[in-house]
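Welcome! Please take a moment to look over the sequence and the 3D structure, and then follow the notes below topic by topic.

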Amino acid sequence: MRVLGVDPGLTRCGVGVVEGVAGRPLTMIGVGVVRTPADAELGDRLVAVERGIEEWLDTYRPEVVAVERVFSQHNVSTVMGTAQASAVAMLCAARRGIPVALHTPSEVKAAVTGTGRADKAQVGAMVTRLLRLSAPPKPADAADALALAICHIWRAPAQNRLQRAAALHAASKGRTR
C-alpha cells in the first residue's frame with residue numbers, strides 16, 4: 001500500500017509518502033513540505049497548497065491519502081488555517097477518487113511511539129527508526145506527515161475488518177425484521 005500522509009498547515013503543509021504493509025518493513029518514498037508565504041492572501045495560499053498537493057499526487061500516485069484530523073486548539077486562527085489546508089488535501093484526493101483517511105494526532109502518536117502523548121522529538125525519532133533513515137526529517141511537519149502514513153498502513157487492516165464486521169452485523173439485523 002502506498003500512502004500520502006498530509007500534516008495540514010497554511011505556512012508549512014507536511015507531505016510524506018510511505019509504502020508497505022502492516023507487519024513488514026516500511027519504505028519512505030518521498031518527504032517534503034508545501035510552503036506558502038504568511039503575508040500572502042488566503043485564497044492565494046490555498047491555491048499554493050492545492051498545487052503542491054496535486055504535484056505530490058501526480059508524482060507519487062498514492063492509493064490512500066491520510067490526513068491529520070483537525071482538533072480544537074485555543075488559537076482559532078491556527079485551527080482555521082489547519083482546517084482549510086486539510087480540506088484542500090481532502091478535495092484533491094476526492095477529485096481523483098483516492099480514499100481519504102483521517103487520524104487524530106493522538107492516534108498517530110500512539111501508533112508510531114506507543115503513547116498518544118509523545119512529543120515532536122519522539123515522533124521524529126521513531127519515524128527515523130521505523131523508516132531506517134539516517135536523520136529525522138526536517139521540519140517536524142515532514143516527520144509528522146510520514147507518521148500519518150505509517151499510522152494508516154498499520155491501522156487500516158484492523159479498521160477494514162471492523163467496518164466489514166459492522167456492515168455484516170447491520171445486514172443480518174435487516175434480514176431478521
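Keep in mind that this is a predicted model. Let's start with a cysteine: the sulfur of C151 lies 17 Å from the closest cysteine sulfur, which belongs to C13, and that is too far for a bond. The notes below look at the other cysteine details, a pair of helices and a few backbone features.

**Cysteines**

- A disulfide is a covalent bond that joins the sulfur atoms of two cysteines.
- How many disulfides does the structure hold? The count is zero.
- C92 is in no disulfide, and its nearest cysteine sulfur, that of C13, is 9.5 Å away.
- Is C92 buried or exposed? C92 is buried, with a relative accessible area of 0%.
- C151 also counts as buried, at 0% relative accessibility.

- Find helix 1 (residues 42-60) and helix 2 (residues 76-95): their axes come within 9 Å and cross at roughly 40°.
- That angle makes helix 1 and helix 2 oblique to each other.
- The crossing of helix 1 past helix 2 is right-handed.
- Which residues make the contact? Helix 1 brings L42, L46, V49, E50, I53, E54 and L57, while helix 2 brings Q84, A85, V88, A89, C92, A93 and R95.
- Sorted by class, this contact between helix 1 and helix 2 has ten nonpolar residues, one polar residue and three charged residues.
- C92 thus turns up in two topics: it is a buried cysteine, and it is part of the helix 2 side of the contact.

**Backbone features to look for**

- Most residues other than glycine have a negative phi, and most peptide bonds are trans.
- R61 is not a glycine, yet it has a positive phi of about 45°.
- Where is R61 found? Look in the loop between helix 1 and strand 4 (64-68). R61 counts as exposed, at 59% relative accessibility.
- R132 is not a glycine either, and it has a positive phi of about 55°.
- R132 sits in the loop between helix 4 and helix 5, and it is exposed, with a relative accessible area of 52%.
- The peptide bond from K138 to P139 is cis, with omega near -10°.
- P139 is placed in the loop between helix 4 (120-130) and helix 5 (140-175), which is also where R132 lies.

Terms used. Residues are numbered from 1 along each chain as its sequence is written. This is a predicted model: local features need pLDDT of at least 70, side-chain atom pairs count only at pLDDT 80 or more; totals for chains, interfaces and linings use all residues. Side-chain values use heavy atoms; hydrogens and water are left out. A disulfide is a pair of cysteine sulfur atoms within 2.5 Å. Buried means under 20% relative accessible area, exposed over 50%, partly exposed in between (1.4 Å probe, protein chains only). Axes are lines fitted to C-alpha atoms, for helices over the stretch in contact, and angles run from 0 to 180 degrees between N-to-C directions. Helices (H or I, at least four residues) and strands (E, at least two) are DSSP runs, numbered from the N terminus. Angles under 35 degrees count as roughly parallel, over 145 as roughly antiparallel, 65 to 115 as roughly perpendicular and the rest as oblique. A crossing is left-handed if the near helix is turned anticlockwise from the far one by less than a right angle, and right-handed if clockwise. Contact means heavy atoms within 4.5 Å. Ala, Val, Leu, Ile, Met, Phe, Trp, Tyr, Cys and Pro count as nonpolar, Asp, Glu, Lys and Arg as charged, and the others, Gly among them, as polar.
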